[in-house]
Amino acid sequence: MSMSQLELDPVTAPVSPPRRAGRRARTSVFWLALPLAVTAVAVFVLPLTGLLPDGGQDLDATRRPPAFLSGGSWAHPLGTDKLGQDLLTQFVSAGRLTIVIGLVGALVAIGPGTLLGLLAGYFRGWVDRVISILIDAQLALPFILVALAIIANRGSSLPVLFLVLALTGWAVCARVTRAATMAIRERQFVVGLRAAGASEPRIVFRHILPNLAGTIVALGTLQVGTAILVESALSFLGLGVVPPMNSWGSMLASGQDELSQAWWIAFFPGLAITVLVLLVNLLGDALLTHHDPRKRRR
Amino acid sequence: MKASTVRRVGGRLASLFASLLIALSLAFLLGRLSGDPTATILGPMAPPEQREALRHELGLDLPVVVQYLDYLKGVFTGDLGQSLQFYQSNTSMIADRLPFTLQLVGAGMALALLVGIPLGVLAATREGTWWDRGASTLALLGQSVPVFWFGMMLVVLFAVKLGWLPAGQSGSPKHLILPALTMSVYPMAHIARLTRASMSDALAEPYIDSARARGISTRRVVWRHAFTNAMMPILTIVVLQTGILLSGAVAVEYVYSWPGLGQLALQAIQFRDFPLVQAIVVFGALVFVLLNLLVDVLHSIVDPRVR
């Protein structure tokens, strides 16, 4: 791999794909990333435009259905909740937190996971044995119960939530990185570097890590989806994001008691999570295929 | 048995045991992190002497190492301690709730297999067509939807709007339909995706071409030749998913007020009943490790090459 390729953006840097297939993969990555980027920009920019309805309480307009159902009006495009607060305004601000949690949640899992996977895969021996047993132990613990237990002890806050997301995600990342590192470590250029007397940290971080960039980005993308789903489940159980903060998951929680009277309170945030995670997963799959030569041949 | 087999099985058992031991230690630590349980039981206003007496009764005044060894001994003799809120043995409470969760997991897994395998085979045999794209997207959708939300929407549709099925609780087979359907979504998607990948690998093997060349019907080639060879990863994931479902039932049981292990875990957490939380986590870890062992055994039965 030449230096110029290494300097490319890891998302688009091809290892050396057949040209047509590479271009096709890149187009699909683009069309999947576009709606995600638009959503992310929208939830951050919309509140600044002043187009959103006022989010305050209005006890004369409680549990209004969305505009396209009978009884709804465009004053509240997604309807209102039991206090008459506008749901679109809530939906946008909740989306902001959901996206931030997804991104940060993925980073905190990917960071330690990749590092441990790299060490285990490169050094093998007892380092590998210890890390592998830790991975297996983590995967053996029923994670949702562990998450609940930690949160019940430490209280619900964003740092605790990120700790839980790191704990639930690192093991899978470590396992994949370990396997990929083990494959790269036997390649000619690594053998050559070692023979030339390059230091081990230099080999690991300057030469092996860049080769894993594609896989790590793909893993991280999939992890964003996982983080959003885990957050929504925890918030739904009242143990993730709690008032006054609001995420799509916590909107679902507040909608659960209203299911028989106002199903739309829970409907739209859930739909949004599904679409967002689906896009993220499709993007992750596309990136993974793009970086897995075995799959790319198909 | 050959010496190499003994060594391989022994190594596998040893590493499983090491994982279990670490998981158990983490669960113990998790229990200790919960703070002073005497404050929970007696309330914050209790006099110190009374607290001291209770600490003695619960064995909390012993050195941590002794407590840890007692705990390990308990785990391996089936004694998972006493609940703080129910004043009952945790083992018996888990045993009471387990059948409900098993019902849910069993029905959900059966449904997942019934739909997931044909879906995956359909996608693999028509690789690259719109059938494949449709089935694959549907499977990915199943992995993207928050399952409890799917459950809530099923309640809105079938219980609130149409009134066909009950919205919660347990009792009749009718009560099982919606929760089982909800439970099945994630494993169904997982099984479909894995079946597709595994089948498409198997169908690319030379023996498939040779079977086709001998004029064997497509159906027989797909199911007898390819599927039996693609089965192992599917079997593995079914067993492991069952373990995950056992502990992942929390949100589904919450939506349907289903009286299973998940509900018990939530109650335990809400009341800071740390021995019960710990017991359920330990139970989950034990089940997971045993299922892992089962996978290894199944491997050697189904695939003669592993023996």
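Mentor: Before we start, helices here are DSSP runs of H or I with at least four residues, strands are runs of E with at least two, and both are numbered from the N terminus. This is a predicted model, where local features need pLDDT of at least 70, side-chain atom pairs count only at pLDDT 80 or more, and totals for chains, interfaces and linings use all residues. Residues are numbered from 1 along each chain as its sequence is written, while chains are lettered from A and ligands numbered from 1 in the order in which they are written.

Trainee: Okay, how many helices and strands are there in chain B?

Mentor: Chain B has 13 helices and zero strands. Its pattern along the sequence is α-α-α-α-α-α-α-α-α-α-α-α-α.

Trainee: And what box do its C-alpha atoms fill?

Mentor: Roughly 85 × 65 × 30 Å for chain B, taken along the principal axes.

Trainee: Which domains does the assignment give for chain B?

Mentor: Domain 1 covers 15–76 and domain 2 covers 97–306. Those bounds come from an automatic or database domain assignment. Taken over C-alpha atoms, the centres of the two domains of chain B are 36 Å apart.

Trainee: How many residues are in contact between them?

Mentor: Twelve residues of domain 1 of chain B are in contact with eleven of domain 2 of chain B. Two residues count as in contact if their C-beta atoms, placed from the backbone, lie within 7 Å.

Trainee: Which element gives the most on the domain 1 side?

Mentor: That's α1(B), with eight residues. By class, this side of domain 1 of chain B has eight nonpolar, four polar and no charged residues. Ala, Val, Leu, Ile, Met, Phe, Trp, Tyr, Cys and Pro count as nonpolar, Asp, Glu, Lys and Arg as charged, and the others, Gly among them, as polar.

Trainee: Switching topic: what does UniProt list for chain B?

Mentor: The unreviewed entry lists "transmembrane region" for residues 100–124, 145–164, 176–194, 234–256 and 276–298 of chain B. UniProt positions are given in the numbering used here, feature names are shortened, and annotations may be inferred rather than shown by experiment.

Trainee: How much helix is there over residues 176–194 of chain B?

Mentor: That stretch is 100% helix and 0% strand, with its end C-alpha atoms 27 Å apart. Residues 276–298 of chain B are also 100% helix and 0% strand, and there the end C-alpha atoms lie 33 Å apart.

Trainee: Which residues make the contact?

Mentor: Phe143(A) and Ile150(A) are among them on α5(A), and Leu163(A) and Leu167(A) are among those on α6(A). The contact of α5(A) with α6(A) has nine nonpolar, one polar and one charged.

Trainee: And how do α6(A) and α8(A) cross?

Mentor: Their axes come within 10 Å and cross at roughly 150°, and therefore α6(A) and α8(A) are roughly antiparallel to each other. Residues of α6(A) including Leu161(A) and Cys173(A) meet residues of α8(A) including Ile208(A) and Leu219(A). The contact of α6(A) with α8(A) divides into twelve nonpolar, eight polar and two charged.

Conventions
Axes are lines fitted to C-alpha atoms, for helices over the stretch in contact, and angles run from 0 to 180 degrees between N-to-C directions. Angles under 35 degrees count as roughly parallel, over 145 as roughly antiparallel, 65 to 115 as roughly perpendicular and the rest as oblique.
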